[in-house]
Every structure is written in C-alpha cells, then in structure tokens.
Amino acid sequence: MCQQNKPHRHSIFCILPPYILRSIAENGSKEQRSMALHVLSGDTTFRSLRAVPRFAAELIKKRPLAFMLAGDKQRTIFSANNAQALPGVIVRAEGSPATGDPAIDEAYDGLGLTYDFFWNVFNRNSIDDEGMPLNGTVHFGANYSNAFWDGQRMVFGDGDGELFNRFTISLDVIAHELAHGVTEDETQLIYSSQSGALNESVSDVFGSLVKQYALNQTAEGADWLIGAGLFTDRVQGVGGNPAVLRSMKEPGTGYDDPVLGRDPQPGHMDDFVNTFEDNGGVHINSGIPNKAFYLAATNIGGYAWEKAGRVWYETLLDSRLRSNDKFQRFAQLTVENAKRYKVEAEVCDAWTKVGISVPMII
Amino acid sequence: MKIYFKPEGGFGFFPGLNKALEINCESLPADEASHVENLVCEANFFDLPEPAPVPVRGADMKEYIIKVEDKGRQHMVKLTDLETNQYLRDLLTYLTNKQKETRSGS
C-alpha cells in the first residue's frame, strides 16, 4: 500500500510480493532493508485484516511473519493493575522506552534476554519457533506471590513484601516461565509426577542458562541458584547464605525458614519423594534432574549452554521423548544426544551420580 | 458448617505455605461465622461443578481445594487464581487470609 503521507520510498517496494520483500529485508543493503520492512509492516496489516475471520485463533498465537525477521522479538507487557484478570492493559510494547516501573521493565528486559538466548544459542525463534509474540502480565493480583505460564503468556505477581519480592526480580524466574512455553510447544511433558518434574527441571535448566549467558558465566563460575533475590531478608537461608528458591548444585539447600519450612528438594533417587502434593512433587523431585544437569555441565566445563544445554535442548526436541516419560527415559535420550558432541561419558556420569544408571550404548 | 482449605501448586513447593486449614464455624465468633456462611451461600457452593481434570496447558499455577460440609451435605471444588466467580473469589480471599493468620500464630 502506497500512501502520500509516508516518507518517499522506491516504487518497486509497492508492487513486490511479500516473499520478495522478505528476501530484500533479509539480504538487501541497510536502506533497502529498512524500506522493505516498512512496506511489509503496512502490507501485512491489511493482509492480516482480510485473514482474520478465517485464522483469528492462529493469529493470536502466531505473529504475521512478514512483519519481522526471524531473530526480531515482539514483546508486549501488560499490567493487571493488581486485579486478577488477564491480559490487563498494555504498558510497554516492543521498542518503547523504559517506564521506570521495575516490574514492567524487568519483564520486558527479561523476556528479551530469554528470546535472545534461544535465538543466538539454538536458533529458536521464540516460544513456538515461529516468532510467537512474547506477552507478559505484571502486577497480577494484590500482594500476589507467584509467577506462572498460563499457556499463552507469562504472569508475574508483585509478591507480598513479607516473604516474597516481585517475581520479575530474578531473570531466571522470567526465563523459567518462558521455557514452560517452549516445553509445552515441543513435548507437552505431562505436569504431574516424574514427567512434571522433568517439565519443571527443563525450565530451571534454561532459566539458569539464560542467566549464565547474560552474565557470561562458565559452568564453574555460575551460582546455579534459581530465584536469587526473590525472597525478602526475612526468609532464612541455609548456612548463612541468603534464601533462594532452589539450588541446582545442592538441591534442598534453598531455604530453611520457620514460616516456609525447609527446602524439600532431593538431589538423588535414594531421596525421591512420593507425594500427592505439588502435582506429585513436580517442584520437589525436579531437584534430581536439576542436579544431573549441573553435574553434566561442570563435567564438560566451559559455558554450560554450548554442550550440556544443547544436549538438553535437543532431547526436548527429540521425537522419541514422550509426554509421560520418566527420568530414566529422559536420561537415556540425553546420553544418546550427547554422543553428537562427544560428551556422552560426562552426561552418563552425571546421571549415575544422581542414582540413574544409563548404558553408554543404546 | 466445616470448611477444609488446601492451597497447592505455584512456582515452588513450600511446606509451610501449603498446610491445610480446617475451620469449624461453630468455633468462630458469631459475626465471622455468619460472614463465612454467607460467602458459601452466595457462591452457590453446593451447586458448583466438580473439580475439572488437570489442564493440559500452563505451569506453576496455584490451585486451591475447598471442601465444605454442612447439614449432611459435602462438596469439593478446585479453583485457580483465574477464577471469575466473585463470590468464590471472596471466599478464597477469606480462607487465604485465615490461613496466613494461622501461619503467623503458629
């Protein structure tokens, strides 16, 4: 669509079909790219409008591909204004400046860093690998102490100020929630018992990796903590350390507090917790695969996302992984995928140390 | 009227925050007991649907089990933080605050 009030652009951009415009946007000079993207954005708006009656449901999930290039993110942060209704009102969109509200800006930046991690490290284009817009809602509920993935968006509470700070305070918490979307898109690991604990662990793994990537930390230099800063000073940690949600390095040492109780995570199959609570212990027994990942990453050494992270990611995408799989099956697949990077011995050793024996040759 | 309340789920499992709460209205002050009974009545609690299966999508969401016994009747529901029934949300807020009071007092 050519409009008189728009800045001048070469007329060729007005008649080219979108696939050619996309090619120019990807391969042209800086000026050509800019013009092509400009035209594509207007063109797509009208194409999208025509498509709405047929594809309305899909458009909610997928972004119009012609809008942007793979590797470009599309973040929208909403505020629930302390109500418990979603999505809330838009408070920051892609490219807009910081607002000064820490929850809004942390959610925006955290989703951006997580997107960049998945794109730069795994060449994954957002949650669904098809450029799904990243929507986050902050200020959910009054003194609400939780963060969750509802199947479409990441939702963050402000915390009660007594035990919990705002849930956007930890980058790994934001990345954890986005990673739930990735898992849901790839394998739908059932959110119960061992498959649920794997689902949780995968989110902790990528949550921690996003933080390590952002801080440029090696496996040896990382703290392997989930939710550092999330608790207020009133919550007691272990061994004089500040309280954290979970430790992948030493499961069960996140907190030991008169109100919260003691961190119940095991780090070995000998201590596996059989329970009906917590959807069959999804946040409890996730300590076992968490520790296995920590051990694998430190066995291998260097940046954890380069080999260990890639092995776990490829296992998540492995078509042999079923939605109800347990630790044993997941471990076997990680060892098999590790062969591609010649780190199967390191991965196998990690699982053995948490009580899961995996034959080296399957 | 007796009420059983159990929060579950969320970003982590905290043993101290997931303790069940049991309330016997006979042991509450009269005005508080009346308030609770009104909340249950206004929510049409005994006519609410049975707990739905675990949703396929989503993770880390909190769930709340509320079971009420009254005059020979017994009914249980499961809620999330996205509950839209305002009366039920009021009941959930009351029970959450009550559990917090109990926690503080322990």
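**Terms and model**

Helices (H or I, at least four residues) and strands (E, at least two) are DSSP runs, numbered from the N terminus. This is a predicted model, in which local features need pLDDT of at least 70, side-chain atom pairs count only at pLDDT 80 or more, and totals for chains, interfaces and linings use all residues. Residues are numbered from 1 along each chain as its sequence is written, while chains are lettered from A and ligands numbered from 1 in the order in which they are written.

**Leu86 of chain A**

Leu86(A) sits in the loop that links strand E1 (75-79) and strand E2 (89-93) of chain A. Leu86(A) is partly exposed, because 16 other C-beta atoms lie within 10 Å. (Buried means 20 or more such atoms, exposed 12 or fewer, partly exposed in between; C-beta atoms are placed from the backbone.)

Beyond neighbours within four places in sequence, the contacts of Leu86(A) include Thr137(A), Asp150(A) and Leu82(B). Contact means C-beta atoms, placed from the backbone, within 7 Å. Asp150(A) is 64 residues away along the chain, and its C-alpha atom is 9.8 Å from that of Leu86(A).

**The sheet in chain B**

Four strands of chain B form an open sheet in the order E2-E1-E3-E4, with antiparallel pairing. Strands pair if DSSP finds at least two bridges between them. Strand E2 (21-24) and strand E4 (73-80) are the edges, each pairing on one side only.

Strand E1 (residues 2-9) of chain B joins E2(B) through four bridges, in the antiparallel sense. Here Lys2(B) stands opposite Asn24(B).

How values were computed
Contact = placed C-beta atoms within 7 Å.
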